[in-house]
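Please look over the sequence and the model shown here before reading on. The paragraphs that follow lead from the whole chain to some of its parts.

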Amino acid sequence: MKSLLIHSADLNSANRNHAYPMSSFPGQEKASFWRKLVSALRAFILGSEFKHYLKTEAEFQASVVRCLNELSRAIDGRDERNDDDLRLSLHALERRIGDALDLVRTELAEKQTLLEQRQLEQETRLRTLDSVARGLEAIVSQLSAPAQPCRNDALTENQPQAAQTASPADYGYLLLENRFRGERQEIIERLRPYADFFSNAVVPVLEIGSGRGELQTVFREAGVLSYALELDPAMAQCCRNGGFDVRVEDGIEHLLHAADASLGGIIAIQVIEHLTREQLTRLLRLGLQKVVPGGRVVFETINTESLSALCHNYFRDPSHVWPLHPETMRYLMDLAGYVNLEVKKLSAYPAQAMLQEVSFSSAVTP
């Protein structure tokens, strides 16, 4: 903090020394006899006028010192006011700059979020286009290659000629899968954990609903012995072109004719939501009979507890019959006699995509 003028050394000296005693001169008390005599003669000769002069001089000096004191106070006060005004101006400027920076940061954050959303949408569209293009390539390849026979498409000589004429395959559902199911390699990576469920199987594991063959790819890479059933001929042909044992059969009918305890396990990926209640009950009962003791039965379905999965995934497929709640499936399997039931929620949405909890005051009514 700077020193004030009112406290300066020069002004303090003026305040101390501006006045002298009117009855004598400085040093008169200690002067010699002759000096005192000279002073007395000078005072006698000058008389009252000299005393008046001394008084007037003292008053003048006192007035000058008082003016200097007031002037010093005025200057110091003005400097303090100027400092206060300057500090206030700087503080106001800092606040305006801070508010402007906050506004810019907010706008930049909003634009960054918008750009990230658009980037994510574009990446999703690119993956969808890539999946569709690969699916079209597979379909073109199937149309140009001779069909490989499946286990139940051999015709007898007694069948009519019309039955022996192959009807063109319907690729509509395969195209739907290619567009909305996701890129094939992405689905393969998502299904890899299922191989661990059947790593100890010594007899074949049955997959009901092979789709494009992603799980069969996982099983083959993990060394799990398996075969699959698929009602859609186009998808079954796509899987057979990949070298998989996929048969065009109904899963429930296949289980009816299979020997008891002949399967190392059963797995169906997003199939049970396509079944009626009666079909699901029969599938659960047959699965318990046909799987070896200690084998596993796995059903994957869309998690209807998630509003996003229900709206974006479930209702997008027109062949779905009814959404199945995970606890409902646990209850139905428990009634059918299954043990060691476990619900696993896979492919979780990122935290930023979920509904956020809203905090509110206790004074807010329900």
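A contact means that heavy atoms lie within 4.5 Å. Among the contacts in this protein with a separation of 6 or more, 70% are made by residues 24 or more positions apart. The model is a predicted one, in which local features need pLDDT of at least 70, side-chain atom pairs count only at pLDDT 80 or more, and totals for chains, interfaces and linings use all residues. Residues are numbered from 1 along each chain as its sequence is written, and side-chain values use heavy atoms, with hydrogens and water left out.

The secondary structure consists of 13 helices and five strands; these are DSSP runs numbered from the N terminus, helices (H or I) having at least four residues and strands (E) at least two. Of the 366 residues, 29% count as buried. Buried means under 20% relative accessible area, exposed means over 50%, and partly exposed lies in between (1.4 Å probe, protein chains only).

On its other partner, E2 runs parallel to strand E3 (residues 246-247), joined by two bridges; here Leu-229 has Arg-247 as its bridge partner. Together with helix H9 (residues 233-241), E2 and E3 form a right-handed β-α-β unit.

In a regular strand the side chains alternate between the two faces of the sheet. In E2 (residues 226-229), Ser-226 and Ala-228 point one way, Tyr-227 and Leu-229 point the other way, and all are buried.

Most residues other than glycine have a negative phi. Ala-261, however, has a positive phi of about 55° and lies in the loop between helix H10 (251-257) and strand E4 (263-269). Because its relative accessibility is 38%, Ala-261 counts as partly exposed. Gln-270 likewise has a positive phi, near 50°, and lies in the loop between E4 and helix H11 (277-290). Gln-270 counts as partly exposed because its relative accessibility is 26%.

Notes. Two strands pair if DSSP finds at least two bridges between them. A crossover is right-handed if, with the strands pointing away from the viewer, the path from the first strand over the helix to the second runs clockwise.
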